[in-house]
Amino acid sequence: MLRAHLQRTVDEISTGSDSDYSSSWISWFLSSKGNEYFCEVEEDYILDRFNLTGLNTEVQNYTQALDLITDNLDDDVAEEFRGSLDVQARLLYGLIHARWVITSRGLAKMLDKYKKADFGRCPRVLCQSQPLLPVGLTDVPYEKSVKLYCGRCEDIYSPKSSRHGSIDGAYFGTSFPHMLFLVYPHMIPQKSGIPELSPPGVKAVEGADGRRGRRPREEAEGTSEVMGEEFSTANVAMKAERYRPRIFGFQVSEIAKLQRWQEAIRDR
Ligand SMILES: [Zn+2]
């Protein structure tokens with residue numbers, strides 16, 4: 001197809017890589033540089049219109065964008081239209097992707113990528129290169145770029161590469177990493193680093209390397225003369241913004257509580 005041929009030629013020029021001319025739009029998209037966080041959405045999922053409910057109002061030229069993704073676009077579509085259609089096709093694929101990655105098959109695909117550390121590793125030293133998972137801060141497109149969630153320190157980071165840093169977070173969604181750990185609880189990283197968990201004022205347990213985690217530095221900051229007497233480390237910690245894992249808007253800790261309750265009822 002001419003459309004596919006043109007796109008792949010442009011991609012080849014920009015990346016210098018060999019493209020597979022016989023591949024579909026999706027495999028072309030996945031092999032394009034910067035799209036490494038995405039997994040393959042299976043065609044039968046896309047072709048089941050039930051899965052796409054509501055997306056027609058979010059994407060302009062929805063029908064043609066869907067045809068482009070599924071390699072059904074007529075070749076006689078005007079050349080000047082193709083550029084904007086490609087943008088809409090990427091948006092549509094991203095929004096479908098966000099729904100796909102929280103299905104059982106989508107989770108399995110993303111789990112494979114997680115095991116290969118395709119999303120990078122936590123930059124925090126005490127996390128010992130823990131692989132990360134992509135997460136959105138909102139499910140609304142064009143608002144926030146993708147962030148990376150560390151299951152060990154339960155914090156979020158920006159991608160190292162600007163190519164990944166500009167990906168829309170809504171293409172992964174706010175629930176995805178927490179859903180993955182809910183479905184694959186054995187993948188939840190073992191919590192280490194006891195010093196980090198000590199409440200303020202309690203002497204930190206010495207780590208294996210003889211250091212005491214973050215406490216000394218925090219104490220130094222907390223007692224700075226610029227701050228008032230009441231300005232303790234505890235107050236700083238209380239005010240620090242913290243990432244709150246959520247699934248469909250519900251805090252994960254509440255979901256865990258609910259699950260324990262359900263299991264208790266079932267056991268009875
Ligand atoms: Zn971490």
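**Figure 1. Pairing of strands β1 and β2 in the predicted model.** Strands β1 and β2 (residues 147-150) run antiparallel and are joined by 4 bridges. The structure shown is a predicted model. Within this pairing, Val-135 has Lys-147 of β2 as its bridge partner. Helix α8 (residues 176-183) packs on the sheet and touches both β1 and β2. The direction of α8 makes about 130° with that of β1.

**Figure 2. The open sheet of 3 strands.** The strands are arranged in the order β1-β2-β3, with antiparallel pairing. The edges of the sheet are taken by β1 and β3 (156-157); each has a single partner strand, so one side of each is left without a neighbour in the sheet.

Figure 3. Gln-130 is placed in the loop between α6 (104-115) and β1 (132-135). The residue is partly exposed, because 18 other C-beta atoms lie within 10 Å, whereas a buried residue would have 20 or more. Leaving aside residues up to four places away in sequence, Gln-130 touches Arg-121, Cys-122, Cys-150, Gly-151, Arg-152 and Pro-189. Ala-117 is 13 residues from Gln-130 along the chain, and the C-alpha atoms of these two residues are separated by 8.5 Å.

**Figure 4. Buried residues of helix α4.** Helix α4 spans residues 62-69, and its buried residues are Gln-64, Ala-65, Leu-66, Leu-68 and Ile-69. These buried residues pack against three helices, namely α2 (25-31), α3 (43-47) and α5 (79-100). Asp-71, which follows α4, has a positive phi, near 60°.

**Figure 5. Packing of helix α4 against helix α5.** Two packed helices are described by the angle between their axes and by the distance between the axes. For α4 and α5, the angle is about 80° and the axes are 8 Å apart. Helix α4 is therefore roughly perpendicular to α5, as angles of 65 to 115 degrees are counted in this way. On the α4 side, the contact is made by Tyr-62, Gln-64, Ala-65, Leu-66, Leu-68 and Ile-69. The residues contributed by α5 are Leu-85, Gln-88, Ala-89, Leu-92 and Tyr-93. Sorted by class, the contact of α4 with α5 comprises 9 nonpolar and 2 polar residues, with no charged residues.

Terms used. Residues numbered from 1 in each chain as written. Predicted model: local features only at pLDDT ≥ 70, side-chain atom pairs only at ≥ 80, totals over all residues. Helix = DSSP H or I, 4+ residues; strand = E, 2+ residues; numbered from the N terminus. Buried ≥ 20, exposed ≤ 12 C-beta atoms within 10 Å, placed from the backbone. Contact = placed C-beta atoms within 7 Å. Axes fitted to C-alpha atoms, helices over the stretch in contact; angles between N-to-C directions. Parallel < 35°, antiparallel > 145°, perpendicular 65-115°, else oblique. Nonpolar A, V, L, I, M, F, W, Y, C, P; charged D, E, K, R; others polar. Pairing = 2+ DSSP bridges.
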